[in-house]
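Hi,

Here is the structure I said I would pass on. Have a look at it first, and my notes follow below.

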Amino acid sequence: MKWLLEADKKYLWASDWKDWALVRFSLLLMGMLLGVLVHKKAKKPVFAGTSIAFIATVIPVIYKYIKVGSTKSKIY
């Protein structure tokens with residue numbers, strides 16, 4: 001668990017505003033995905049669009065987290 005906290009600290013220090021915009025946007029899309037589950041009529045097109053957008057925004061965030069968190073150097 002300690003390595004996960006260290007990776008979090010490294011990611012926080014290596015991130016800029018664009019990274020946080022992607023994180024917030026992907027959380028917004030995840031909320032939209034959960035909201036679509038209520039409405040039956042608009043379920044398929046909205047679910048498909050938000051799923052694609054969510055995956056497209058989460059991949060860069062996860063990639064940078066793994067890249068920064070796996071380094072041995074200390075940034076902070």
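**What turned up**

The largest pocket holds about 180 Å³ of space. Bear in mind that this is a predicted model. Of the 10 residues lining that pocket, Trp3, Ala7, Lys10, Gly69 and Ser70 are the closest to its centre. Two elements each give two or more residues to the lining: α1 (2-14) and α3 (43-69). Helix α1 has the largest share, with 4 residues.

Next, the surface. Leu27, Met30, Leu34, Leu37 and Phe47 make up a nonpolar patch there, and together they have about 480 Å² of accessible area. The top contributor is helix α2 (residues 17-36), which gives 3 residues to the patch.

Then the overall fold. The protein chain has 3 helices and 0 strands, and going from the N terminus the order is simply α-α-α. How does the radius of gyration of the chain sit against the globule rule? For 76 residues the rule gives 11 Å, whereas the chain comes out at 16 Å, well over that value, so the chain is more spread out than a compact globule. The C-alpha trace spans about 50 × 25 × 15 Å along its principal axes.

Cheers

Terms used: Residues are numbered from 1 along each chain as its sequence is written. This is a predicted model: local features need pLDDT of at least 70, side-chain atom pairs count only at pLDDT 80 or more; totals for chains, interfaces and linings use all residues. Side-chain values use heavy atoms; hydrogens and water are left out. On a 1 Å grid over the protein atoms alone, a cavity is a set of points where a 1.4 Å probe fits but cannot get out, and a pocket is an open set with protein on both sides within 12 Å along at least five of seven lines; lining residues have an atom within 4 Å of a point. Grid points are joined across faces, edges and corners, and a volume is the space filled by probe spheres set on the points. Patches are made of residues with over 30% relative accessible area and no salt bridge: like charges are joined within 9 Å, nonpolar side chains (Val, Leu, Ile, Met, Phe, Trp, Tyr) within 5 Å. Accessible areas come from the Shrake-Rupley method with a 1.4 Å probe; for residues, only the protein chains shown count as cover. A salt bridge is a side-chain nitrogen of Lys or Arg within 4 Å of a carboxyl oxygen of Asp or Glu. The radius of gyration is taken over C-alpha atoms; the globule rule is 2.2 Å times the number of residues to the power 0.38.
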